[in-house]
Amino acid sequence: MRAIFEELDNTIARLIPDDGSNPIEIKRCELPDEAILGDVFEIYYKCDQQIIEKIYLIPNERIRRLEKMKLKREALLRRTKDNR
């Protein structure tokens with residue numbers, strides 16, 4: 001499952017899954033030291049789907065998603081200007 005590092009509240013990190021399921025709250029120390037808000041992680045669960053087995057930072061995924069959103073915004077702005 002992929003999830004975005006959305007919020008940090010003291011020592012608790014909140015990740016929002018791409019699939020729209022409930023947010024995941026874990027200790028900040030369970031994420032890599034270099035993790036920043038907006039980073040995307042691949043999360044692997046143990047068999048029971050309750051306990052996280054591994055969390056991997058997906059390199060450059062945050063930047064790729066930001067660029068994709070930027071292009072969408074620009075396209076919407078162009079479309080709005082063209083309809084005036």
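**The sheet and its surroundings**

Modeller: The five strands form an open sheet in the order β3-β2-β1-β4-β5, with antiparallel pairing. Here two strands pair if DSSP finds at least two bridges between them; helices (H or I, at least four residues) and strands (E, at least two) are DSSP runs, numbered from the N terminus.

Colleague: Which are the edge strands?

Modeller: β3 and β5 are the edge strands, each pairing on one side only. From one strand to the next the twist averages 40°, where axes are lines fitted to C-alpha atoms, for helices over the stretch in contact, and angles run from 0 to 180 degrees between N-to-C directions.

Colleague: On what basis was this computed?

Modeller: This is a predicted model, in which local features need pLDDT of at least 70 and side-chain atom pairs count only at pLDDT 80 or more, while totals for chains, interfaces and linings use all residues. Residues are numbered from 1 along each chain as its sequence is written, and side-chain values use heavy atoms, with hydrogens and water left out.

Colleague: How many residues has the largest nonpolar core?

Modeller: That core has 12 residues, including Phe 5, Leu 15, Ile 26, Phe 41, Ile 43 and Ile 55. The elements giving two or more residues to this core are β1 (2-9), β2 (12-17), β3 (24-27) and β4 (40-45). The largest share, three residues, comes from β4. A nonpolar core is a set of buried Ala, Val, Leu, Ile, Met, Phe, Trp, Tyr and Cys residues joined through side-chain atoms within 4.5 Å; buried means under 20% relative accessible area, exposed over 50%, and partly exposed in between (1.4 Å probe, protein chains only).

Colleague: What is Ile 26 in contact with?

Modeller: Neighbours within four places in sequence aside, Ile 26 is in contact (heavy atoms within 4.5 Å) with Thr 11, Ile 12, Ala 13, Leu 15, Leu 31, Ile 52 and Ile 55. Ile 26, in β3, is also the bridge partner of Ala 13, and β2 and β3 pair in the antiparallel sense over four bridges.

Colleague: Which parts does the pair tie together?

Modeller: Tyr 44 lies in strand β4 and Tyr 56 in strand β5 (residues 52-57), so the pair ties together parts 12 residues apart in sequence. Tyr 44 is partly exposed at 41% relative accessible area, and Tyr 56 is partly exposed at 43%.

Colleague: Turning to the helix, is Glu 61 buried or exposed?

Modeller: Glu 61, in helix α1 (residues 61-82), counts as buried at 7% relative accessibility. Its side chain makes a polar contact with that of Arg 64 (2.7 Å). A polar contact is a pair of N or O atoms within 3.5 Å; within protein, one must be able to donate a hydrogen and the other to accept it, and residues adjacent in sequence count only if both atoms are side-chain atoms.
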